[in-house]
Amino acid sequence: MIEPVYEKINYSVKSGVVTEQIKAESKTEILSESVKAILNVWAWSTVNDCEISDGKIRYGGRVIFYVSYLDADGLVKKVECGNEFAGTIIDGRVNDGCRAYATAVVDKTEADVSGIKLTLSAFVTIKADVTGCAEIDALSGGDSLIIDRKEIPLTKSLGVRHGSYPIEEEFELNYTVEEVLSHRVQAIITAVQCGVGAIIVDGEAVISAIMLQKTDKSDIIKEIKTVPFRMEIDCEEAMPAMQATARVKEKSFKTEITVDEDSGKSIVSASVVLGFEGEAFSLSSVWVAEDVFSTEQEIQSEKHDLSYYKPCEMRTLTALVNGKAAVEELPAGAIILAVGGETAEITATECKDDGLKFTGVINAVGFFRDGENRPFTRKLEMPFEVTLDCAFDCGIELESFAKAVKARARITSLTEIELETETIFTVYPSEKCDLSIVKSLEMLGEKPKNTSALSVYIPTEGEELWSLAKRLNVSPETLVQANPDLCFPLTGSERIVVYRQK
């Protein structure tokens, strides 16, 4: 009697990436008539809450605006303000068994002085990476069945864990700061590993600020401070041999300036809160049937094609990206003071024989002074293409992010800037595995018995052991035992002997 045995298997699936663009606005208390010129408007955005319920992605976050401008007297001023936002994304690929990791990217910022007060707006793209887990019953064994079994490795998520990491940092400057025109922090993960009961995340936070110096010329200077961090995210089941992955967001950031008028020095105090999402995976394997037959019964099998994903170790790659950025024509005598707000956007990632090729665009803002010591800004945009060494196979699927830090610039002509940034590429690889498994069986009745005690067969060229055994209705072991000299795949010139007990 045939008694099939099934095993329930869970496997990771990717639903895809869903996006939505929103517009966030904030009205300042600055009267429009007091704004002589906008030097720079920049916005930073983050998603603090993201959940899936009723097949919808619900998210919430905020946008913070930083604006530097010239007032009616030609003095450099700054204003900082922000707004909360919330929204819902509906997509047919999203269900309650999925989870989403959402990020916010500011595509464009604008300052409007046409009304009574200065109004700021930002176009923000919300990007949600949606993943999930599927479950299926797969044939794994059973009496009176000849099964072509395959062992498949599976990674089981221990669940997503969250944590926050505060950074309090002070650094001294040997000059008097009048104002911080803009500031930001960029967190970069350099390594992720499992410890006992924790996911350990190493990285660094790059804090940068554009400072207005208190001098006759009102010089603008950029300061950068790199702060290493090690975050331990609680995960009771985690063990050192397990694999893990993590992501980080900049949840909040503020700076305060203390000036010692006697010494002329300044103390910059930076407060940062980083938000982490970590996931550890246990490794296991299951045996599933790719094909099946019975020597006694006619069987109809239902097969199922599935794709599952195995997370691979994340990589952090660093490169100096440089090139030419076209700018609106500069006035004669202009000098560049600082570069801020640098961002890197990846438009394409390609795995090649000589490495991993990234194509994208660097955007930044250049702070200048003209021949009459008046400050002004220009937007800088530089396309880039860089190939870095990597250890990925070309069959690996890659999710890539880039952050540009420590930009440097040089004027090469009145319409061109030579720009260089240290750019950090973070790559989250996963291996896609395709598999066809036997999902269920239907018994169609007994097979007619072969009455001959011995049969001789001529195989087809290229035939393998399993397909031959199934065609001849004998187990692979019996076939090899009776024909020990066979070498697979077959050439087609062999003679196959099948003995049957009478």
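Before the first stop, one definition: a salt bridge here is a side-chain nitrogen of Lys or Arg within 4 Å of a carboxyl oxygen of Asp or Glu. By that rule, the count comes to 28 salt bridges. Keep in mind along the way that you're looking at a predicted model.

**Stop one: some charged pairs**

Select Lys 117 and Glu 29. Their side chains meet in a salt bridge, with 2.8 Å from N to O. Lys 117 sits in strand S6 (residues 117-143) and Glu 29 in strand S1 (residues 3-31), so this pair ties together parts that are 88 residues apart in sequence. Which of the two is exposed, and which partly exposed? Glu 29 counts as exposed, at 62% relative accessibility, while Lys 117 is partly exposed at 27%.

Now pick Arg 93 and Asp 91, whose side chains form a salt bridge at 3.0 Å, N to O. Arg 93 is partly exposed, with a relative accessible area of 40%, and Asp 91 is partly exposed too, at 22%.

Next, go to Arg 315 and Glu 313, another salt bridge, at 3.5 Å from N to O. Here Arg 315 is partly exposed at 28% relative accessibility, whereas Glu 313 is exposed at 51%.

To finish this stop, select three residues together: Lys 8, Glu 135 and Asp 137 are linked in a network of salt bridges.

**Stop two: the backbone in the loops**

Switch to showing the backbone and find Phe 488 and Pro 489. What kind of peptide bond joins them? A cis one, with omega at about 0°. Pro 489 belongs to the loop between helix H2 (476-482) and strand S21 (496-499).

Then select Ser 144, in the loop between S6 and strand S7 (146-173). Its phi is positive, about 65°, although Ser 144 is not a glycine. Ser 144 is partly exposed, with a relative accessible area of 32%.

You'll find Asn 373 in the loop between strand S16 (355-369) and strand S17 (375-388), partly exposed at 36% relative accessible area.

**Stop three: a buried serine**

Jump to Ser 208, in strand S9 (residues 198-213). Buried or exposed? Ser 208 is buried, with a relative accessible area of 11%. Show its surroundings: leaving aside neighbours within four places in sequence, Ser 208 is in contact with Ser 182, His 183, Arg 184, Lys 222, Glu 223 and Ile 224.

In soluble globular proteins, nonpolar side chains tend to be buried together. In this model, the largest nonpolar core has 31 residues, and Ile 57, Val 63 and Ile 126 have the most contacts inside it. Color S1, strand S2 (35-53), strand S3 (56-71), strand S4 (76-90), strand S5 (98-112) and S6, the elements that give two or more residues to this core. Which element gives the largest share? That's S6, with seven residues.

Center on Val 63 and show what it touches. Beyond residues up to four places away in sequence, the list includes Ala 24, Trp 44, Cys 81, Phe 85 and Val 124.

Key. Residues are numbered from 1 along each chain as its sequence is written. This is a predicted model: local features need pLDDT of at least 70, side-chain atom pairs count only at pLDDT 80 or more; totals for chains, interfaces and linings use all residues. Side-chain values use heavy atoms; hydrogens and water are left out. Helices (H or I, at least four residues) and strands (E, at least two) are DSSP runs, numbered from the N terminus. Buried means under 20% relative accessible area, exposed over 50%, partly exposed in between (1.4 Å probe, protein chains only). Contact means heavy atoms within 4.5 Å. A nonpolar core is a set of buried Ala, Val, Leu, Ile, Met, Phe, Trp, Tyr and Cys residues joined through side-chain atoms within 4.5 Å.
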